[in-house]
Amino acid sequence: MDNNLANDPENDLSSGHQKSKIITLGKKFRLSEFLAEKTISSVAFISFAVMILIFVFIFKEAFPVFFPSQNKAASNNIELKQETYGDDESVAQQQKKVETNELQNQKNETPSEKRSAIIKNLKGREWQPVSDEPKYGLTPLIYGSLKVSLIAMALGIPLALLAAIFTSVFAPKWAKELLKPAIEILAGIPSVVIGFFAMIVLATFMQNIFGFQYRLNAFVGGVAMAFAIIPVIYTVTEDSLDAVPKSFKEASFALGATKWETALFVVLPAATPGIFAAILLGFGRAFGETMIVLMATGNAALTSLNIFEPVRSMTATIGAEMGEAVFGDAHYSVLFLIGVILFIFTFLLNALAEVFIRQKLIKKFRGY
Amino acid sequence: MPLKKKIIGYSVYSLSAFSVFIIISAVAVLMWTIITGGYHTLSWQFITSAPKDGMTSGGIFPAIIGTFLLVLIMSIAGVPIGTITAIYLCEYAKPNSVISRLIRFAVNTLAGVPAIVFGLFGLGFFVQFIGSGADKVISGGAVLKWGQPNLLWASLTMAFMTLPVVIISVEEALKAVPREYREASFALGATKWETIRKVVLPNSINGVLTGAILAVSRGAGEVAPILFVGAAYFLPSLPHSLSDQFMELGYHIFVMSTQSTNVEATRGIQYATTLVLLILTFTLNFTAIFLRYKIRRKNSVL
């Protein structure tokens, strides 16, 4: 019986062959084809599975932050679970909720008291993970990441955009042939090399020029980071400038516009969504970069407005401290929480950039 | 033409030319510094000997071997998965079906996740979950073998991180295979799988190679994911099993320049190690660029 069932399709075909010819004209069942297709499509799902696994495992390790006494809390607070998944907003919401919770039943609930203390700790302005009374204030870290990224963007965006405009509008052939490999080289330099260069050469050089107090600081890190984001911004911008239909330019020239007028008033506006995407991707790269900030920014968790003071970014904190953190410790979980914030932030940036590149650009060139 | 227009025109031109100049000279200065700083120390002996005297002299042989093993295992794990995913996206999936969009979305997301987050993932998933789980199954948790950072977990983390690189470049190559080839194959009675295996893949082998090379170059250069998933500061012997830790070039640069006991004394070693890493990644990148150029030319001829 089993054998018959297993061979069913083959049998069907051979018996069908005698009955009517129509069936043999249909697609023949082949085991190898079937297996190949199934294997290939299931392997293709691995990338999707990995994405989900990253979600799950980073959240999982960050989760105990909010549940210090695990066994008790796990049973008590199941309904709160979803809100603890932590980007900033939901952390803030969570805090309010917990605070009100705490006010209501202040007498007996130790886990929630602990939790609110921890969340207050997380919102603090001090990062001192290794001390008798560890302080896990995330504010200076988020501030540090933003500071370095913004300095890098302020330097990198104008340079990359202008360079892209130059290549697509003005550049003579030889200049193009020099610039493209240069950008490719820059894109291929490992970030640890850029970090090394910034730490050893750039920092000293700039200290001699600006005479700042700390050799390694946010500005040095930002300049080095600009090296890393220029290729990203340049490449995406150049692609979107290239994607502007030739007819746009020709129409502009036909109306008597000069090269630069065409570039600024026709090509650039038409490529705006692509440029916006380029900037978002560059920002994501800067925000998520580890080695450069770890080596070149001095790694002190400060929140001053002075760009020549050291900062400690989120990525650098994970990189520097995860090696020493004890598994299952509060410090360990907080580092994973920083990872969660990084993940969500870059995830949103990429999704947004995707929307800009895919939809707007296509719509625009197909005449709205 | 009015004077004002001319002035604006010239300033736009010179400003953009100036940015190009800045970028090119920045790249040149960076390269120049590292080459001049490193080539005194760089020698055959430097490449083939182990660190000596508490890392203040000697070479970087273990780091080179560690990097080699890392990218080798990474490629063995990652390149087939990436290639097969690209085959699925290009040959089997309907272009706008939910599944293919889902997979594309996942690939784009993976490409954008910061390297350090992959490191966290490697620690949480491979080391703590799979590794410790395996230890419990094998020895009841008595012997700590897999539940700690090691070569295998670092390589697999790296493989996942470089998956998008492989997928994107293989897909480009598959798209470059003309439709007529496939139609001719079908017309001769070949099935889909036969067509892919005997017509499409042999014609896109350059793309698979490009993807593998780019992934290797990215894997060799990226340090953040392996900071706490297997790389070690100094090891007396080479890794001889997958559950050993390893030394790595990028990590070596990092620790030598930030955490070594005498940072100034080892400056030469640091520069030379950086130079070796740069030469390695550039050789790989230029090979990839050359192969891709060949693919594109083929694409435009046909």
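Q: How do H7(B) and H8(B) run relative to each other?
A: This is a predicted model, to be clear. In it, H7(B) and H8(B) are roughly antiparallel. Their axes cross at roughly 155°, and an angle over 145 degrees counts as roughly antiparallel.

Q: Which residues are those two, and how close do the axes come?
A: H7 covers residues 179-187 of chain B and H8 covers residues 192-203 of chain B. The axes come within 10 Å.

Q: Is the crossing of H7(B) and H8(B) left-handed or right-handed?
A: Right-handed.

Q: OK, other pair. What's the angle between H4(B) and H6(B)?
A: Roughly 125°, with the axes coming within 8 Å. That makes H4(B) oblique to H6(B). H4 is residues 98-112 and H6 is residues 151-176, both in chain B.

Q: And what hand does that crossing of H4(B) and H6(B) have?
A: H4(B) passes H6(B) in a left-handed crossing.

Q: What's in the contact between H4(B) and H6(B)?
A: B:Val107, B:Leu110 and B:Ala111 come from H4(B). From H6(B) you get B:Leu163, B:Pro164 and B:Ile167. By class, that's six nonpolar residues, with no polar and no charged ones.

Q: Switching topic: how many residues of chain B are in contact with chain A?
A: 68 residues of chain B, and they touch 67 residues of chain A.

Q: Which helix gives the largest share of chain B's side?
A: Helix H1 of chain B, residues 3-38, with 17 residues.

Q: Last one, B:Leu72. Where does that residue sit?
A: B:Leu72 is in helix H3 of chain B, which spans residues 61-92.

Q: Why does B:Leu72 count as partly exposed?
A: Because 13 other C-beta atoms lie within 10 Å. Buried takes 20 or more, and exposed means 12 or fewer.

Q: How far is B:Leu72 from B:Tyr233?
A: They're 161 residues apart in sequence, and 21 Å apart in space, C-alpha to C-alpha.

Notes. Residues are numbered from 1 along each chain as its sequence is written. Chains are lettered from A and ligands numbered from 1 in the order in which they are written. This is a predicted model: local features need pLDDT of at least 70, side-chain atom pairs count only at pLDDT 80 or more; totals for chains, interfaces and linings use all residues. Helices (H or I, at least four residues) and strands (E, at least two) are DSSP runs, numbered from the N terminus. Axes are lines fitted to C-alpha atoms, for helices over the stretch in contact, and angles run from 0 to 180 degrees between N-to-C directions. Angles under 35 degrees count as roughly parallel, over 145 as roughly antiparallel, 65 to 115 as roughly perpendicular and the rest as oblique. A crossing is left-handed if the near helix is turned anticlockwise from the far one by less than a right angle, and right-handed if clockwise. Two residues are in contact if their C-beta atoms, placed from the backbone, lie within 7 Å. Ala, Val, Leu, Ile, Met, Phe, Trp, Tyr, Cys and Pro count as nonpolar, Asp, Glu, Lys and Arg as charged, and the others, Gly among them, as polar.
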